[in-house]
Structure formats: C-alpha cells, structure tokens
Amino acid sequence: FNRATQALRQVGSSFKPYVYTAAIDNGATPDDIVVDAPITFQTASGPYTPHNYDGKFEGPVTYRHALADSRNIPALKVTEKIGIGRVIDYARRFGITSPLPPYLPVALGAADITLFEQTSAFSTFPNDGVRVSPRYIRKVTDYEGHVLEENYPEVHDVITPRTARIMTQMLREV
C-alpha cells in the first residue's frame, strides 16, 4: 500500500488556495474585502452554519489575510460568490482527479485526495502556473551511458503567470 499515491486524506485548509486562485484568476485581487462574520448557507440538505477554527470572527478582512489566517467563513463566502463548480474546475486543472462532490464544505477541504495529487498540484504555483505531470522514470541508460528510453513530462498551462505569482505571494504569508 503506497500512502503517497493510494491513501485518500481529507486535505482540510490546504484546499483553500484553489478557492482563492479561482477568484484571483476571475478578476479578484488579494486586497478585496470579504466579511468574516456568522452566516448560515441554505443547502439542498438543509441549513449549513460553519464556524472558524478559533470560534471567532474578524469582520472585514482581505482575501490575502483570509488565506494567510485560514479563515473558514471568508473561504466559503468567496466560494459561494464564484461557485463551487468553478472551484472544482480549478482543482481539476491543477491535476486533482479524486472525486470532489459539488458541496460547499469542499472549499474547506472536506474531500479526500492523495498526497501525490496535492503535492503535484501545489507545484504549479511556484512554476509560474505550469503543472508538470510527475514521472516515476525519466530516463533509462545502459552501462555505458547510452539512453535506451527517455520520458518527457507532460506540461499543462493551468493559470496565468500573473495569477501564479499573486498566489505564491499570498501563500508566503501563510
């Protein structure tokens, strides 16, 4: 059993960068304001009243601060504004292939993905928005150094370099 490639784990707040990436890529800025205050969302399964991990609310905060401090309510409000479908679409672009149900709590990481998917996806941020699909074997040579086989990684443009740089800066504040 390979825990990196087979074990599914709830990713928790490490999913929030996909929420903010979707927002930034669609016109938001790190200095946009979202109100961190109590809220109840009406969902198909009934009312959903989330809380922040510390049980406190900070009022108006920037997207930058909301991500850096891992505030749950702002992440959910941003997700509601841009749509959970769009957030999931961005996660897919980053290479997340595990099932992501279209429910608001997914924005807080209430979905199971593998460590392999998450680390591969996160490498997109410092790589100027380009995701390089991981390869187990890049090159096979014989005893004398002659290349017998060479595998080149697949590269995918995921987000613009501008968005990647903004997100990298925001993640540094975490």
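This is a predicted model: local features need pLDDT of at least 70, side-chain atom pairs count only at pLDDT 80 or more; totals for chains, interfaces and linings use all residues.
The protein chain contains six helices and 10 strands, and its C-alpha trace spans about 65 × 35 × 25 Å along the principal axes. When contacts between residues at least 6 apart in sequence are considered, 66% of them join residues at least 24 apart.

Helix H1, formed by residues 16–25, packs against helix H4, formed by residues 84–93, at an angle of about 105°, and the axes of the two helices lie 9 Å apart. Because angles of 65 to 115 degrees are counted as roughly perpendicular, H1 is described as roughly perpendicular to H4. On the H1 side the contact is made by Tyr18, Val19, Thr21, Ala22 and Asp25, and on the H4 side by Arg86, Val87, Tyr90, Ala91 and Arg93. Sorted by class, this contact of H1 with H4 comprises six nonpolar, one polar and three charged residues.

Helix H5, which covers residues 115–122, includes Gln118, a residue that counts as buried because its relative accessibility is 9%, under the 20% cut-off. Beyond its neighbours within four places in sequence, Gln118 is in contact with Val11, Ser14, Phe15, Tyr18, Ile96 and Ile113. The buried residues of H5 are Glu117, Gln118, Ser120 and Ala121, and their cover includes H1 together with strand E6 (112–114) and strand E7 (130–132).

Terms used:
Residues are numbered from 1 along each chain as its sequence is written. Side-chain values use heavy atoms; hydrogens and water are left out. Axes are lines fitted to C-alpha atoms, for helices over the stretch in contact, and angles run from 0 to 180 degrees between N-to-C directions. Helices (H or I, at least four residues) and strands (E, at least two) are DSSP runs, numbered from the N terminus. Angles under 35 degrees count as roughly parallel, over 145 as roughly antiparallel, 65 to 115 as roughly perpendicular and the rest as oblique. Contact means heavy atoms within 4.5 Å. Ala, Val, Leu, Ile, Met, Phe, Trp, Tyr, Cys and Pro count as nonpolar, Asp, Glu, Lys and Arg as charged, and the others, Gly among them, as polar. Buried means under 20% relative accessible area, exposed over 50%, partly exposed in between (1.4 Å probe, protein chains only).
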